[in-house]
Amino acid sequence: MTAIRIGLCGIGTVGGGVLELLGRNGEVLAGRAGAPLEIVHVGARRDREGVATGSATVSRDVLAVAADPAVDILVEAIGGTEDAHELVSRALKAGKHVVTANKALIAEHGNELLALAEAQGVSLRFEAAVAGGIPIIKALREGLAANRVSWLAGIINGTGNFILTGMAEEEREFADVLAEAQALGYAEADPTFDVEGIDAAHKLVILAAIAFNTSLRFDAVYTEGISALTPEDLAYADELGYVVKHLGVARETGDGLELRVHPTLLPKELLLAKVAGVKNAVLVEGDAVGPTLYYGAGAGGGATASAVMADVIDLARELSRGQRCPLPSLGLPMGELRELPILPMGEVRTAWYLRLEAADRPGVMSQVSRILGDQGISIEALIQKAPQSGQTRVPVVVVTNVASQGNLERAVLAIEALESIAGPVTRIRIESLDG
Ligand SMILES: NC(=O)c1ccc[n+]([C@@H]2O[C@H](COP(=O)([O-])OP(=O)(O)OC[C@H]3O[C@@H](n4cnc5c(N)ncnc54)[C@H](O)[C@@H]3O)[C@@H](O)[C@H]2O)c1
Ligand SMILES: N[C@@H](CCO)C(=O)O
Ligand code: NA
């Protein structure tokens, strides 16, 4: 049986995971693929100790892999958007199928690269790019193809969730938990991508494109990170019955598409609120099926290799049987994707958690609630602590009803201008994910 020949570029966490997985499960995967899967060429800047590359050719220049006529499927696991862009373009132009774990590349250059793949009659697949090992791309594109999706919400950055869990449950320092996530191979080369929400924004854009049949709109995502969250806010959220998660939300409203990544209070009883550590989860609301939830490891070599190899096997199944019926990677041919208007953030409606430092004297809370009321916002819950000895200000935490960001911001400006309020008002969105 003719082997399907793979060129593997990058042997870090993901590429190393692919080598290990193929080494361990090669025979089973070959059975499923309909042909042996053989790594014939490895592109790697430097050798990775302990990773066997077998009889594969090894090149320091990854472009040699893209140019190698012996390669059927190129796996891109070098990361970044410069060399990877060049590598994937060259491979597609050379008529190779490409499988990538690179969400930055797909979110930022996917419109162009997917159109190129289509023109070349080859496939560009990226299951590993979103939510690591969870087969969420396949679920959205194929399993839920009969639904109109109204919204989806997900914890789609493993590093960020690992940090939030470590801070909330083990009371550890942000920097200390981030260092552990880096040591475990979860974090991006530049971890600000994880903690500032850029990585989650890349993934959200990909999910939204498939769910709502739109082109990839990385330019349009609102992004807020988790680095400004304090242990104090996590503790108040807990006291109020919430957990703080870094959420990506995409929702089709009559007025446009919401695309946003930000810290979010979730009621503790929600399944999403219970997703801990490096685990990811995506909740999708379809009109026929209702809500469905997808859960699993969001990062790490093994989980990511699982998704990479699933794409490879999909392609190998077609190649080995000579039955090519290319599936559009975003669910529709690129020319048929819609351009939906994006809903401005000022019009996005959520409930809010507000924390303020108020002077400890009568009348302050009635001023605050009058300002909120002027914007049509009411207070649903309130925590007011007694001042510590010697302190003249007290922390006050307010949970509001659902309000547009525009109205909330106007109210916050007026509250911050009160002489009885010190410093900026902390605000975090609250989602109940119930409709
Ligand atoms: N680590 C994860 O859990 C995970 C999960 C999903 C997706 N990803 C994505 O997978 C990709 C790789 O991530 P990783 O964690 O394996 O990174 P990594 O840093 O562990 O590995 C990347 C490897 O590629 C090599 N490399 C980079 N540029 C190169 C070039 N021009 N030529 C040759 N080699 C080059 C590096 O030396 C390194 O060995 C990224 O796009 C990342 O976003 C990672
Ligand atoms: N850095 C990413 C890797 C998986 O995409 C994360 O932590 O989720
Ligand atoms: Na995935």
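Let me start with the core: of the 141 residues in the largest nonpolar core, the ones touching the most other members are Val 75, Leu 204, Leu 207 and Val 308. Helix 9, residues 198–212, gives this core its largest share, 12 residues. A nonpolar core here is a set of buried Ala, Val, Leu, Ile, Met, Phe, Trp, Tyr and Cys residues joined through C-beta atoms within 7 Å.

Some housekeeping. This is a predicted model, where local features need pLDDT of at least 70 and side-chain atom pairs count only at pLDDT 80 or more, while totals for chains, interfaces and linings use all residues. Residues are numbered from 1 along each chain as its sequence is written, and chains are lettered from A and ligands numbered from 1 in the order in which they are written.

Back to Val 75. Not counting residues up to four places away in sequence, Val 75 touches Ile 6, Gly 7, Leu 8, Cys 9, Val 18, Val 99, Val 308 and Val 312. Contact means C-beta atoms, placed from the backbone, within 7 Å of each other.

Next, helix 3, residues 83–93. Its buried residues are Ala 84, Leu 87, Val 88, Ala 91 and Leu 92. They sit on the same side of helix 3, because they cover an arc of only 125° around the axis; the arc is taken from the directions from the helix axis to the C-beta atoms. In general, an α-helix has 3.6 residues a turn, so residues three or four places apart point the same way. The cover over these buried residues includes strand 1 (4–9), helix 2 (63–67), strand 4 (73–76), strand 5 (97–100), helix 4 (103–120) and strand 6 (124–125). Just after helix 3, Gly 95 has a positive phi of about 80°. Helices (H or I, at least four residues) and strands (E, at least two) are DSSP runs, numbered from the N terminus.

Now the ligands. What surrounds ligand 2? Its shell is Gly 132, Asn 157, Gly 158, Thr 159, Tyr 186, Ala 187, Glu 188, Asp 194, Asp 199, Gly 298 and Ala 299, a residue being counted if its C-beta atom, placed from the backbone, lies within 6 Å. By class, that is 3 nonpolar, 5 polar and 3 charged residues. Ala, Val, Leu, Ile, Met, Phe, Trp, Tyr, Cys and Pro count as nonpolar, Asp, Glu, Lys and Arg as charged, and the others, Gly among them, as polar.

Ligand 1 has 26 residues around it, the closest being Gly 10, Gly 12, Val 14, Gly 79 and Ala 299. They divide into 11 nonpolar, 11 polar and 4 charged. Helix 1, residues 13–33, supplies the largest share of this shell, 3 residues.

Two annotated positions. An unreviewed UniProt entry places a "binding site" at Glu 188, and the unreviewed record also has one at Lys 103; such annotations may be inferred rather than shown by experiment, and positions follow the numbering used here, with feature names shortened. Glu 188 lies in the loop between helix 7 (174–183) and helix 8 (192–195). Is Glu 188 buried or exposed? Glu 188 counts as buried because 20 other C-beta atoms lie within 10 Å; the cut-offs are 20 or more for buried, 12 or fewer for exposed, and partly exposed in between, with C-beta atoms placed from the backbone. Beyond four places in sequence, Glu 188 contacts Phe 193, Asp 194 and Asp 199.

Lys 103 is in helix 4, and is buried, with 28 other C-beta atoms within 10 Å.

Conventions. Two residues are in contact if their C-beta atoms, placed from the backbone, lie within 7 Å.
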